[in-house]
Amino acid sequence: MCLAFPGKIIEINNQQATADFDGVQKVVNISLVPEIKVGEYVIVHAGFAIEQLTSQDAWEVLKEYEKGNRIIQGNIEKNS
Amino acid sequence: MTINKADNIELDHGGGGQKSSELISLIRNVISDKGKWKNQMDDGATLKIGNQHLVFTTDAYIVDPIFFPGGDIGKIAVCGTINDLAMMGAVPQGLSLSMVIEEGFPMKDLLKISESIQKMSREAGVPIVTGDTKVLPKGKLDKIEITTAGVGLTKKIISNSGAKIGDVVISSGDLGEHTVALLSSRFNYKTKVVSDSKTLNKEMQAIAKYVHAAKDPTRGGLSANIIEIAEKSKAKIVLEEELLPYKKETFAIAGLLGIDVLSFASEGRFICAVSEKDAKKVLQILKKFNPEAKIIGHVEKGKGVFLKTVLGSLRPIEMPRGKLVPRIC
Amino acid sequence: MKKETESFREILKKIHNVASQIKRGVALMEVCGTHTQAIGKNGIRQLMPKNIKLLTGPGCPVCVTAQEDIDAVVHLAKAGIPIATYGDVLRVPGFLGSLEQAGAQGAKVFSVYSVEESLKIKKEFPNLVFFGLGFDTTTPMTALALKNGLTVYSTHKLFLPAMDALLSMGEIKIDGFISPGHVSAIVGTEPYEHMNIAQVITGFEAQDVLVGIYMILCQIRDGRREVENEYVRLVKKEGNRVAQKMIADYFEIGEGNWRGFGIIPNSGLEVKNPKLNAKIKYRDILSKMDISKSKKPTGCRCGEVIRGLITPERCPMFGKTCTPEKPYGPCMVSDEGACNNYFRYAK
């Protein structure tokens with residue numbers, strides 16, 4: 001399971017928000033991410049945003065991993 | 001064979017996938033006389049008359065919604081039949097138009113649809129020469145059904161089975177946008193991508209002499225139609241993932257809804273196999289009609305249809321299942 | 001695009017490198033249907049070193065839904081209760097047929113993309129029952145629907161207990177888990193830490209899966225058994241607290257009935273509110289169903305496939321009486337099922 005897709009929040013209206021998915025706009029339910037702001041990205045599953053998406057992709061994670069660092073939600077935890 | 005006489009008709013039987021093929025085979029076993037006609041498994045049947053071939057084809061159109069971004073049922077009823085003739089290399093001569101309409105259907109909608117039909121007929125230069133209309137009581141039909149039939153002439157037939165080893169596969173433009181338009185009201189999304197429906201006869205005539213095999217990827221999308229070309233041509237086709245002809249919006253909708261993008265239909269695009277040495281010339285001509293035209297794969301010895309992934313692996317492309325059912329899990 | 005091809009070549013080289021350092025055979029299990037799909041669509045299996053085996057676990061919610069639950073919902077549909085559920089579920093065959101077939105015979109069966117659509121349908125059909133299935137990722141949505149008064153037949157499950165069961169059953173050797181990215185977005189990384197096995201919480205793009213596999217193999221080579229997170233862009237250590245609270249507020253944890261596993265304790269999610277719990281509300285109708293039929297063995301070996309005991313082609317029905325066009329078992333129905341993916345991609 002867990003089919004989900006990333007989108008950018010472009011408008012918020014209480015529990016609903018319009019998200020843009022590579023040029024496709026759809027209303028999604030943001031009850032599960034109440035702190036989300038316009039301009040931020042989310043992953044959407046079955047019509048609901050489940051969590052905020054930050055930017056590190058797999059290649060960046062690999063780079064940090066090879067350096068011996070772990071990335072925890074946007075912060076690089078340097079290997080001490 | 002998944003079908004047998006004791007079954008009832010299911011929606012999957014009309015979906016364009018494997019079950020549809022089996023249904024057609026079942027019916028053909030009963031209605032089996034061919035007379036002097038050939039190519040009955042292709043887009044249209046053909047009859048040799050002198051040094052020409054008469055090509056004859058028909059299709060029924062039931063679309064929901066009947067009005068969608070970029071077109072309506074009238075538009076695709078005309079495009080569909082003209083394009084089937086065009087895919088066989090035929091110059092369309094005329095169409096018939098039959099409409100079965102539900103009682104209560106708004107006259108203004110019928111006129112709008114008729115205007116679309118006229119517009120497409122004019123764009124293609126193909127007149128609607130005969131037709132019929134029927135009205136069914138309210139509730140006995142979902143709004144409107146349109147059937148068109150068409151005849152065309154050609155000295156040389158382009159079939160689905162002519163792809164040669166060493167050919168390249170070209171797409172006349174980005175695919176899948178008709179499905180994008182159709183799904184937009186069901187799934188409530190907005191996008192600037194609209195239905196790609198248009199007539200293809202002029203485009204095809206411009207390159208006909210170079211074409212070994214051609215299909216317009218309507219029902220079943222790219223996957224069903226490329227598989228058909230490969231099977232009938234008894235060859236292996238490899239498509240390049242990097243070159244898949246879809247806009248990012250189309251990929252996004254496929255990803256959001258969990259439907260395979262390769263099964264998305266187009267109503268104004270075609271895929272064709274041409275020899276490698278003619279590819280440059282063909283693209284040059286096609287780009288005048290649609291700058292998105294590009295090479296998407298090639299034909300090899302062997303069998304099956306495969307996708308060469310960006311990772312370098314080769315994985316099979318399969319026939320789409322009957323209905324477009326989105327998944328979440 | 002050229003840059004991407006280079007990056008893929010490099011990560012594959014790294015994977016082969018670590019695999020040759022490990023030398024022995026290693027079995028990695030993915031436990032999420034979307035990972036099953038990602039591996040199939042990208043042809044990842046064929047790119048793996050010979051000593052690395054990728055197993056498919058019970059990550060497909062349609063596949064692990066117990067026969068009794070499918071039959072119960074079809075029974076309700078045939079008794080006139082309108083049912084709404086997600087797409088793939090409609091085709092799972094039961095002893096009374098599938099939901100799709102019930103619909104074709106006149107039952108009110110609705111396929112929805114989102115639970116919110118069910119709320120709209122409920123306005124026309126007030127006694128609508130939502131057949132809720134899915135793991136931790138999908139349960140919060142059903143919770144929100146319960147909040148809005150929708151009646152639910154819940155076969156939602158918590159995923160991690162199944163991973164624990166796989167490990168404790170010890171039927172097959174699992175050296176590492178490719179752990180589910182979106183389940184983890186909800187539950188966080190902490191709940192995995194007791195498992196004492198090498199695992200990496202992984203995303204779903206091809207590059208995520210490859211980097212994830214690389215990281216697990218590094219752990220195995222180094223003798224580590226840690227919970228690492230490749231999917232940092234989405235998964236937080238604490239997960240999504242709002243979603244966790246929604247689940248806790250509307251569901252209570254009980255026994256979970258998993259196809260292939262039987263009962264896994266503390267893995268099932270039952271609707272708290274009896275007025276919205278279809279199993280209680282429609283107890284009378286459900287009691288008329290002959291559940292002994294649901295328990296009869298059919299020759300379908302989906303259960304063993306789900307547990308990773310056999311690969312799909314070992315089931316005598318695979319490819320013969322069970323194909324994606326005419327599926328016999330749920331592993332073939334669902335696009336995320338092991339059998340379905342094996343049939344489509346492993347040729």
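This briefing covers the chain contacts, domains, helix packing and sheet pairing of the structure above. The model is predicted. Chain A meets chain C through 28 residues of chain A and 41 residues of chain C. Chain A also meets chain B, with 12 residues from chain A and 16 residues from chain B. Chain B is assigned domain 1 (37–154) and domain 2 (168–316). Chain C is also assigned a domain 1 and a domain 2.

**Chain A against chain C**

- The contact takes 28 residues of chain A and 41 residues of chain C.
- On the chain A side, β4 (41–45), β5 (48–53), α1 (58–67) and β6 (70–72) each give two or more residues.
- Helix α1(A) gives the most to this side, with five residues.
- By class, the chain A side has 18 nonpolar, eight polar and two charged residues.

**Chain B against chain A**

- Here 16 residues from chain B touch 12 residues from chain A.
- Strand β9 (189–191) and helix α7 (248–257) of chain B each supply at least two residues of the chain B side.
- The most comes from α7(B), with seven residues.
- The chain B side divides into seven nonpolar, four polar and five charged residues.
- Strand pairing also links the two chains: β3 (residues 24–29) of chain A and β9(B) pair in the antiparallel sense.
- Three bridges make up the pairing of β3 of chain A with β9(B).
- Across this pairing, Val24(A) stands opposite Thr191(B) in β9(B).

**Domains of chain B**

- Domain 1 of chain B spans 37–154, and domain 2 of chain B spans 168–316.
- Their C-alpha centres lie 23 Å apart.
- Contact between them takes 20 residues of domain 1 of chain B and 21 residues of domain 2 of chain B.
- On the domain 1 side, α2, β5 (91–102) and α3 of chain B each give two or more residues.
- Helix α2(B) provides the largest share of that side, nine residues.
- By class, the domain 1 side has 13 nonpolar, five polar and two charged residues.

**Helix packing in chain B**

- Helices α2 (residues 73–87) and α3 (residues 107–124) of chain B pack against each other.
- Two numbers describe a packed helix pair: the angle between the axes and the distance between the axes.
- For α2 and α3 of chain B, the angle is about 30° and the axes are 7 Å apart.
- Angles under 35 degrees count as roughly parallel, and α2(B) and α3(B) are therefore roughly parallel to each other.
- The crossing of α2(B) past α3(B) is right-handed.
- From α2(B), the contact uses Ile73(B), Gly74(B), Lys75(B), Ala77(B), Val78(B), Cys79(B) and Ile82(B).
- From α3(B), the contact uses Ile113(B), Ser114(B), Ser116(B), Ile117(B), Met120(B), Ser121(B) and Ala124(B).
- By class, the contact of α2(B) with α3(B) has nine nonpolar, four polar and one charged residues.

**Sheet in chain B**

- Chain B holds an open sheet of seven strands with mixed pairing.
- The strand order is β10-β12-β8-β13-β11-β14-β15.
- At the edges stand β10 (211–215) and β15 (314–316) of chain B.
- Each edge strand has a single partner strand, so one side of each is left without a neighbour in the sheet.
- On average, neighbouring strands are turned by 30° against each other, direction ignored.
- Val211(B) stands opposite Val274(B) in β12(B).

**Domains of chain C**

- Domain 1 of chain C is assigned as 2–61 + 159–229.
- Domain 2 of chain C is assigned as 62–158 + 239–294.
- Their centres, taken over C-alpha atoms, are separated by 30 Å.
- Between them, 15 residues of domain 1 of chain C contact 23 residues of domain 2 of chain C.
- On the domain 1 side, α9 (160–169) and α10 (181–187) of chain C each give two or more residues.
- Helix α10(C) gives the most to that side, with six residues.
- The domain 1 side divides into 12 nonpolar, three polar and no charged residues.

Technical notes:
Residues numbered from 1 in each chain as written. Chains lettered and ligands numbered in written order. Predicted model: local features only at pLDDT ≥ 70, side-chain atom pairs only at ≥ 80, totals over all residues. Contact = placed C-beta atoms within 7 Å. Helix = DSSP H or I, 4+ residues; strand = E, 2+ residues; numbered from the N terminus. Nonpolar A, V, L, I, M, F, W, Y, C, P; charged D, E, K, R; others polar. Axes fitted to C-alpha atoms, helices over the stretch in contact; angles between N-to-C directions. Parallel < 35°, antiparallel > 145°, perpendicular 65-115°, else oblique. Left-handed = near helix turned anticlockwise from the far one by under 90°. Domains from an automatic or database assignment. Pairing = 2+ DSSP bridges.
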